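The sequence and the model are shown first.

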Amino acid sequence: MIADPVLLMQLTALLVAIGAFAGIVAGLLGVGGGIVLVPAFFYLFTALGYGGAQVMQVCLATSLATIIVTSARSVQSHNKRGAVEWPILRGWALGIAIGAIIGVLTAALLRSVVLQGIFGVLGVLIGLWFAFGRADFRLGDRMPTGPLKGVISSTIGFLSVLMGIGGGSFGVPLMTLYGVPIHRAVATAAGFGILIAVPSVLSFLFVPVADAPPLTVGAVNLPAFAIVVVMTTMTAPLGARLAHAMDPKPLKLVFAVFIILMALNMLRKALGF
């Protein structure tokens, strides 16, 4: 199906704007931008007439592909300020990567409507945490070790792939619950995005998708990736600078409402309303 040229221009402009916003969000809040991109890609592809049973796989894979670049730029910016907790990244890398690969294998077997429901439910929970999570609440003074670390790290990778996000939405709350200062948690969570996105995207390249949009390799749509990644590459460093220069609390509340509304809309579509 070939869309109307005017519609294509409008959707391209929308992707440019969304990519810019996702990059700022990634640097500012450490959430990788995927929680914005997945719904955007879903509406883009369905508007173009590619709303088949596997459209969500394309949304997840394309979002994760952009996160490779976005997270890398965000980590670079934060590392210049000495904010990245490299011991945490090294210690949690294997579990996160294993969970991400299992997530791809699971996503490949699920219908789009199921993935929409998963995104909706988890998105609402993430939004509620951003809105009402207490910064002073602690589960411990040190990050988990041993088997618990393995379970939590693989769960982060697994759930992040099923949502097409970079892991910051789970990693930032986790680290703050164990006493990591918020700015260092945001910086380190950007690294989680790389650990999740690289193995998952390499796996998604080999996932066959029926009725995929043009120029889709495996489950990764190249045009959407290219447009968004240009914008996120430019704006992620800006978000990182803002994270160190301003109080993120009011922005977190606005972003929480935004996430919840997008997630509820995705859940509404999954339920057929």
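Predicted model: local features only at pLDDT ≥ 70, side-chain atom pairs only at ≥ 80, totals over all residues.

## Surface and burial

Buried residues account for 53% of the 273 residues in the chain.

## Overall fold

The protein chain contains ten helices and two strands. Read from the N terminus, the order of its elements is α-α-α-α-α-α-α-α-β-β-α-α.

The C-alpha trace spans about 55 × 35 × 35 Å along its principal axes. Of the contacts between residues at least 6 apart in sequence, 84% join residues at least 24 apart.

## Nonpolar core

The largest nonpolar core comprises 74 residues. Ile35, Phe41, Phe45, Met56 and Phe204 have the most contacts inside this core. Beyond its neighbours within four places in sequence, Phe41 is in contact with Leu15, Cys59, Thr62, Ser63, Ala224 and Val228.

## Helix 5

Helix 5 covers residues 112–132, 21 residues in total. Its first and last C-alpha atoms are 30 Å apart, close to the 30 Å expected at 1.5 Å a residue.

The buried residues of helix 5 include Leu115, Phe119, Leu122, Ile126 and Phe130. Also buried in this helix are Gly117, Gly120, Gly123 and Gly127, together with Ser112, Gln116 and Val124. An α-helix has 3.6 residues a turn, so residues three or four places apart point the same way.

How values were computed
Residues numbered from 1 in each chain as written. Heavy atoms only, no water. Helix = DSSP H or I, 4+ residues; strand = E, 2+ residues; numbered from the N terminus. Expected span 1.5 Å × (residues − 1). Buried < 20%, exposed > 50% of the residue type's maximum accessible area, 1.4 Å probe, protein only. Core = buried A, V, L, I, M, F, W, Y, C linked by side-chain atoms within 4.5 Å. Contact = heavy atoms within 4.5 Å.
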